[in-house]
Amino acid sequence: MTKASDYRGFRTAGARLTEEPLAHLDFHRSSLLGESVHAIHAFDKAHALMLGEEGILPRQTAVAILKAFRAMEAEGVEKVRAEADGGMHSGEHYLTKTLGEEIGGRLHLGRSSGDLIEVARRITFRNHIHRMLAALIVLRGTLLDLALEHRETVMPGYTHGQHAQPTTYAHWLTMFEVVFARDTERLLSFYTRVNRSPAGAAIMTGSDFPLNRQRVSDLLGFDAPLSHTMDAILSHDLEMEYAGVLAVLAQNIGRLADDLFIWSTMEFAMVELPDRYCGTSSIMPQKKNPDGLEDIKGVAAQSLGIVATVMMAEKGPTGFPIMERRNSQAILWDMGKALGIRLETLSPLMRDLKINVAHMGRRAGANWAQVTDLASALVREAGIDWRTSNQIVSVFVRRNIAAGIAPRQATAASVDEAAAELGLAAPRLSEKVFTQAMDPAVFVQRRKLLGGPAPEAISREVATGRSIIAADAQVIDIAFSQIARATEIMELAISDLIGTA
């Protein structure tokens, strides 16, 4: 038996191997655990408690282990486990060094590095998902609040990078709220699959000891144990799915950042970012660079590389990709954390964004984007079919551009001239009908249909969105509460076991 003071872990030379691993192959250092150290710690406690409750460990041994973990918590879990080293086995290292191998050597009974890794992986994913979901709820609420304020903020809409039709800033805001509602739905759906416990599956077949997998699952706040021990450890589709979910979310916030990035240029000049999201130049004094938006765009690009890396690392025959999975795990943890941080910055960014309302309104009709309604007016007022009306207006626009006439200077007579060029009778629209058809604000007001940009349509959209947010928030709160309650139950059970020993 190794002396406690000399204990360096079961992977040191002298047992199966005769040489120490190369430095870059020593993957079992506590410094590599990152934030998952708390998941490992929780699993160590839940496993020890279950072993004691089931009589698999002598009660006094379980009590000694749990008391030692309480002492570790008083000193600082991260600090103590870093000093004990051993990576995911830092609990065993700590117990052996403080209580001897007779006690510490019993912690890992019925477990493998496999379920230790997978529990830590899933709990860390779960923590990041909670953070992203909470931030998405706040962001979606902010977008709806701003939409109500900007129901009449008319702006140009774009297709092919060109002015397409007038819309409103509120319409754009509610579009992204709907997008982020789908991201919320995807994360919640994924959560139902990630929040299943692999604990007790060991490396593929479980254990011949009568482990209570349901008890450990409950203590760790999982919905249920995974029903198949090999699937729990050696199936890799969960990581692949998560990479995809994160990438879609990243592209969506990246698209929002792209829009604001373009709109903040001097050429567009429709929005201005708060200074805290910006940088400046070491040589050009006038610069106000949208660093915060570029950062989000960079994370979005990075997420696509992660999809490829995860797919390559996780593929292969069952049980073959093992060490490669460290790479996908690490980058998925980093991406989940990174997206949580960026999502938390978006709500205050949107609230403090300066909107150039007057300039947006002027631009909305400056490049003929409103003339879809002029074609509609020809259908309604002159009884012309849609395709012919569309062609008349196309000629109308071309002739005015060639003559250097801006939309605000165009007349109903020029519509008649366009019809004549096509060999058609003059539609003879009234000036009132023509003027309204050329007004971007009226264009927006007419579109009262479901999902449209009219103020009343936006009000309906906001009301619907808020009800969906409330339902999503309730689901998220239940998930948060389940984990908090599980932690409370585990601590009470530990106190009961220690107190009755």
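**Aromatic residues and helix packing in a predicted model**

Phe176 is placed in helix α7, helices here being DSSP runs of H or I with at least four residues, numbered from the N terminus. The model is predicted, so local features need pLDDT of at least 70 and side-chain atom pairs count only at pLDDT 80 or more, while totals for chains, interfaces and linings use all residues. Residues are numbered from 1 along each chain as its sequence is written, and side-chain values use heavy atoms, with hydrogens and water left out.

With a relative accessibility of 0%, Phe176 counts as buried (under 20% relative accessible area; exposed is over 50% and partly exposed lies in between, with a 1.4 Å probe and protein chains only). Arg140 is 36 residues from Phe176 along the chain, and the C-alpha atoms of the two are separated by 8.1 Å.

Nine aromatic pairs were found in a search of the whole structure. Rings of Phe, Tyr and Trp (its six-membered ring) pair if their centres lie within 6.5 Å; planes under 30 degrees apart count as stacked, over 60 as edge-to-face and the rest as tilted. One of the pairs is formed by Tyr169 and Trp172, which are stacked, at 5.6 Å centre to centre and with 10 degrees between the planes. Both residues belong to helix α7 (residues 169-194) and stand three residues apart, about one turn of the helix. Tyr169 is buried at a relative accessible area of 1%, and Trp172 is buried at 8%. The ring centres of Trp172 and Phe176 are 5.1 Å apart and the planes are at 65 degrees, so this pair is edge-to-face. Trp172 and Phe176 are four residues apart in α7, again about one turn of the helix. One aromatic cluster is made up of Tyr169, Trp172, Phe176, Phe180 and Trp263.

Charged side chains also lie over rings, a case counted if NZ of Lys or CZ of Arg is within 6 Å of the ring centre and within 35 degrees of the ring normal. Lys297 lies over the face of Phe261, 4.8 Å from the ring centre. The charged end of Arg447 sits over the ring of Phe443, at 3.6 Å from its centre.

Two packed helices are described by the angle between their axes and the distance between the axes. The axes of α10 (residues 237-263) and α11 (residues 291-314) come within 8 Å and cross at roughly 160 degrees; axes are lines fitted to C-alpha atoms, for helices over the stretch in contact, and angles run from 0 to 180 degrees between N-to-C directions. This angle makes α10 roughly antiparallel to α11 (over 145 degrees; under 35 is roughly parallel, 65 to 115 roughly perpendicular and the rest oblique). The crossing of α10 and α11 is left-handed, meaning that the near helix is turned anticlockwise from the far one by less than a right angle. The axes of α6 (residues 113-149) and α12 (residues 325-352) come within 9 Å and cross at roughly 20 degrees. That makes α6 roughly parallel to α12.

Asp85, in the loop between α3 (77-84) and α4 (90-99), has a phi near 60 degrees, a positive value in a residue other than glycine. Asp85 counts as partly exposed, at 30% relative accessibility. Arg428, in the loop between α16 (412-421) and α17 (431-437), has a positive phi near 55 degrees. Arg428 is exposed, with a relative accessible area of 67%.

Methods:
Helices (H or I, at least four residues) and strands (E, at least two) are DSSP runs, numbered from the N terminus.
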